[in-house]
Amino acid sequence: MSRPTPMEPRDRLIVALDVSGVREAEAVVETLGDTVSFYKIGYQLAFERGLPLASALVNAGKRVFLDMKLHDIGNTVARAIENIVRMGVTFVTVHAYPQTMRAAVEAKSGSDLGILAVTVLTSYDDADLVEAGYSVRVEQLVASRAALARDIGVDGLVCSAEEAAPLRRIVGGGMWLVTPGIRPAGAARGDQKRVATPARAIAAGADFLVVGRPILQAFDPRAAADAIVEEIAAAPAR
Ligand code: C5P
C-alpha cells in the first residue's frame, strides 16, 4: 500500500473506539454515521469481541486500524499478519524491532494491509529506557527505529505531532504518519502530555489523526467529529 496524496479530509480522521464493549462501540459507530469512515480498535475492545467487530466494520464499508502492537518471533508475527490480511483491515501496528518489522512486511506482501511501526511508546522517557536496558535517549531511538522501518519497507509510523516534522525528514514522503494526542482547542488533555490541534498536526506532516476522547466524550460526538474534519480541511496543505 503506497501513500496516496492528497486524501479527502474526512478520510484522514481515525476515531479510536476506546470503549468497554462491542455494544457501546456499535452505538458510537451508529452515532457518527457517515461523518467517520475509519476506526481504531485497540487492546481494550479487542478482548471484548472487538475482532469480530473489526470484520463487521470492514464488511460495512468502514476502514479499520487494528492497534495490536505486535511483537514476537518472526514466524509468529508472520502467521498473525497473514490472518490479519484476510480480515481486510487497513492498518495494523507492530513494535519497531527489526525481526518483527521484517516478518510483518514480508507476510503482508502483495496485500493492501498497511504495517505501522510504533518506534518508542510515548509513555517512555529516557529514564524508562535506562530501566529497560537501553543506553540511548528516546529521541535517538525514535530516529534510528524510524530509519530502520523505512529501510525495511514498513508503510508508516505512529508518532506524536511534535515528532511528525523531524520524522518526515527522516522517512521522506513514502510513509504514512499517523498521529494520536490530538486535542481541538479548548478540549481536555486527559492523560496526554504532548498534544496538538488537528490543524497543527496536519501542518507538521501527519497523514491521519487518531482521536478518541475529544469525540467519544463530546456532548455531540458527530458535531465534534465534523468540526475536526473541517479543521483538517482548512489546515495548510503540506
Ligand atoms: O482519547 P485520546 O484521543 O487520547 O486517544 C488516543 C488514542 O491513541 C488511544 O487509543 C491511545 O491508545 C492511542 N495512542 C496514543 N499514543 C500513542 C499511541 C497510541 O494515545 N503513542
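A nitrogen atom of the ligand sits 2.8 Å from an N or O atom in the side chain of threonine 122, a polar contact (a pair of N or O atoms within 3.5 Å). This is a predicted model, in which local features need pLDDT of at least 70 and side-chain atom pairs count only at pLDDT 80 or more, while totals for chains, interfaces and linings use all residues. Residues are numbered from 1 along each chain as its sequence is written, and side-chain values use heavy atoms, with hydrogens and water left out.

A polar side-chain atom of aspartate 18 is 2.7 Å from a ligand oxygen atom. With arginine 213, it's a backbone N or O atom that lies 2.7 Å from an oxygen atom of the ligand. Looking at the surroundings, the residues around the ligand (those with a heavy atom within 4 Å of it) are Ala16, Asp18, Lys40, Thr122, Pro180, Arg183, Gln192, Val210, Val211, Gly212, Arg213 and Pro214.

Now for the helices (DSSP runs of H or I, at least four residues, numbered from the N terminus). Helix 4 (residues 98-107) and helix 6 (residues 138-152) have axes that come within 10 Å and cross at roughly 30°; axes here are lines fitted to C-alpha atoms over the stretch in contact, and angles run from 0 to 180 degrees between N-to-C directions. Helix 4 and helix 6 are therefore roughly parallel to each other, a label for angles under 35 degrees. On the helix 4 side, Pro98, Met101, Arg102 and Val105 meet Arg145, Leu148, Ala149 and Ile152 of helix 6, where contact means heavy atoms within 4.5 Å. Sorted by class, that contact has six nonpolar, no polar and two charged residues. Here Ala, Val, Leu, Ile, Met, Phe, Trp, Tyr, Cys and Pro count as nonpolar, Asp, Glu, Lys and Arg as charged, and the others, Gly among them, as polar.

Helix 6 also packs with helix 7 (residues 161-171), at an angle of about 45° and with the axes 9 Å apart. Helix 6 and helix 7 are therefore oblique to each other; oblique covers whatever is left after roughly parallel, roughly antiparallel (over 145 degrees) and roughly perpendicular (65 to 115). Val142, Ala143, Ala146, Ala147 and Arg150 in helix 6 touch Glu163, Leu167, Ile170 and Val171 in helix 7. This set divides into seven nonpolar, no polar and two charged residues.

Finally, a backbone detail: arginine 49 isn't a glycine, yet its phi is positive, near 70°. Arginine 49 belongs to helix 2 (residues 43-59).

Terms used
Helix = DSSP H or I, 4+ residues; strand = E, 2+ residues; numbered from the N terminus. Polar contact = N/O pair within 3.5 Å; in protein donor to acceptor, adjacent residues only side chain to side chain.
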